[in-house]
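Trainee: Could you walk me through this model, feature by feature? I would like to learn how to read each one.

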Amino acid sequence: MSKKKATPFHVFIQVFFRTMGILLLMLLVGFVSYYITLSYYRANEIPVDDNVKEKVLDIVSDAKVTEVAKNLICITDKQGKEIKHMFLEVFNTNTSNLDYITLPIDNDITLSNDLYQRLYAANEEVPQVIKLSHLNKYFEKSTVFEYAEIIVGELLDTEISFYTIMPQSQFKDIFRIKKGLTDGSTCEIISYQKKFWKICRSLSTTEEISDYIEKVYEEGMASNLSLKNRKKYADDYMKLQKSKVHFYPAFIKKDDRGTFFDDEATANMLAGILKGSDRYYKKWNRDAKLANAEPSFDKNIYIANGANITGLASTYREILTNAGYNITGIGNYDGDILTNTKILVKEEATGYDLLSYFQDAEIEIAELSEEMDIEIILGTKDAAG
């Protein structure tokens with residue numbers, strides 16, 4: 001029996017449903033592909049939404065009160081757009097230590113491939129070698145500080161707790177800036193203004209500290225940490241002592257390509273601070289003074305034996321003379337026996353290059369005779385042999 005010949009209408013219906021089936025299949029495949037891609041990007045924290053704000057919120061952790069608060073402070077111009085300074089504040093409520101690391105905003109930083117891909121997804125014009133001061137060129141005002149948090153967090157291998165935006169006028173009332181080490185291995189370093197120290201000493205109750213926090217918010221400071229949550233630190237601020245507040249410059253490095261932010265060295269600094277702030281500061285402060293020290297080779301140096309160990313002064317006269325120092329004489333110390341060597345100097349910033357010859361030596365400014373610039377009083381810790 002011969003097949004019944006299909007009519008044009010039947011042919012049209014068959015083609016129509018076959019075409020619709022193919023289109024539906026393509027839409028299904030496209031939807032599944034989109035869902036898989038979206039899930040991958042979310043799992044790898046890569047922003048894919050068209051809204052820049054949403055991209056950031058997928059990556060940045062919520063601002064929170066923590067026992068060790070890492071606060072990224074960004075100083076801006078009057079319009080709140082251009083970044084003028086940036087530093088990391090680390091407040092350890094367990095030890096009552098407050099540490100600041102000034103970050104180099106005008107030195108190049110190299111983004112990791114993973115971070116670069118994430119930022120590129122937000123703005124295709126973002127370069128892989130970038131400066132922190134240039135972030136506002138690539139990201140909107142509403143999100144630039146969240147991106148700064150992402151970048152600094154990865155560079156220093158840490159999770160930033162929250163960020164703070166401070167206008168430059170307010171910054172100048174609280175902080176002052178000075179140069180880093182004279183060897184050029186570090187960026188600028190901040191410290192508190194004297195008048196701010198006076199304000200800190202005048203706040204004697206938790207309520208007064210809480211009111212002051214509210215005041216600086218009202219005067220222009222902003223943060224992704226709410227005022228209510230910031231006030232939760234008031235009790236901890238009450239325990240702060242001046243000796244527990246430390247300031248550091250971040251490290252930079254130079255090569256044939258230019259000057260770069262040394263994120264590895266600075267991350268190690270942060271790790272050292274988190275491990276033991278006071279212990280790390282003591283070592284860093286000694287090394288910093290060594291780097292900034294005025295050489296003592298042209299100074300008249302006298303060595304006194306404060307350990308009551310025969311021949312100790314003679315031994316160090318030979319050591320220091322061979323090193324190029326001008327030893328004008330030796331003798332015995334009239335006071336009590338010392339454990340740690342003391343280096344007495346007439347002028348500030350001198351004698352620090354001598355520290356490397358002794359264990360736990362201390363430098364003091366003292367009134368010395370006219371023919372003497374430096375007096376070294378040897379302690380028992382530095383007994384030869």
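Mentor: Helices (H or I, at least four residues) and strands (E, at least two) are DSSP runs, numbered from the N terminus. This is a predicted model, where local features need pLDDT of at least 70 and side-chain atom pairs count only at pLDDT 80 or more, while totals for chains, interfaces and linings use all residues. Residues are numbered from 1 along each chain as its sequence is written, and side-chain values use heavy atoms, with hydrogens and water left out.

Trainee: Is Tyr217 buried or exposed?

Mentor: Buried means under 20% relative accessible area, exposed over 50%, and partly exposed in between (1.4 Å probe, protein chains only). Tyr217 has 15% relative accessibility, so Tyr217 counts as buried.

Trainee: Which residues of helix H3 are buried?

Mentor: In H3, residues 113–122, they are Leu115, Arg118, Leu119 and Ala122. Looking down the axis of H3, these buried residues fall within an arc of 90°, so they line one face of the helix. The arc is that of the directions from the helix axis to the C-beta atoms.

Trainee: Arg118 carries a charge; what does Arg118 form a salt bridge with?

Mentor: Side chains of opposite charge can pair when their charged atoms come close. The criterion for a salt bridge is a side-chain nitrogen of Lys or Arg within 4 Å of a carboxyl oxygen of Asp or Glu. Arg118 pairs with Glu154, with 3.6 Å between the closest N and O atoms. Arg118 is in helix H3 and Glu154 in helix H4, so this pair ties together parts 36 residues apart in sequence. Arg118 is buried at 8% relative accessible area, whereas Glu154 is partly exposed at 32%.

Trainee: How many salt bridges are there in the whole structure?

Mentor: A search of the whole structure finds twelve. One of them joins the side chains of Asp360 and Lys381, at 2.7 Å from N to O. Asp360 is in the loop between E15 and E16 and Lys381 in the segment after strand E17 (374–378), so the pair ties together parts 21 residues apart in sequence. Both partners are partly exposed, Asp360 with a relative accessible area of 37% and Lys381 with 36%.

Trainee: What should I notice about the backbone of Asp360?

Mentor: Look at phi: Asp360 has a positive value of about 55° although it is not a glycine. Ser96 also deserves a look, with a positive phi of about 60° although it is not a glycine. Ser96 sits in the loop between strand E2 (83–92) and strand E3 (97–103), and is buried at 13% relative accessibility.

Trainee: Finally, which residues form the positive surface patch?

Mentor: Patches are made of residues with over 30% relative accessible area and no salt bridge; like charges are joined within 9 Å, and nonpolar side chains (Val, Leu, Ile, Met, Phe, Trp, Tyr) within 5 Å. Here the positive patch consists of Arg176, Lys178, Lys194, Lys198, Arg201 and Lys242. Its largest share, three residues, comes from H6. Strand E7 (175–178) and helix H6 (194–202) each supply at least two of the patch residues. Arg176 is in strand E7 and is partly exposed, with a relative accessible area of 39%.

Key
Areas by Shrake-Rupley, 256 points an atom, 1.4 Å probe, with all protein chains shown as cover. Lys, Arg positive; Asp, Glu negative; His and termini not counted. Charge placed at Lys NZ, Arg CZ, Asp CG, Glu CD.
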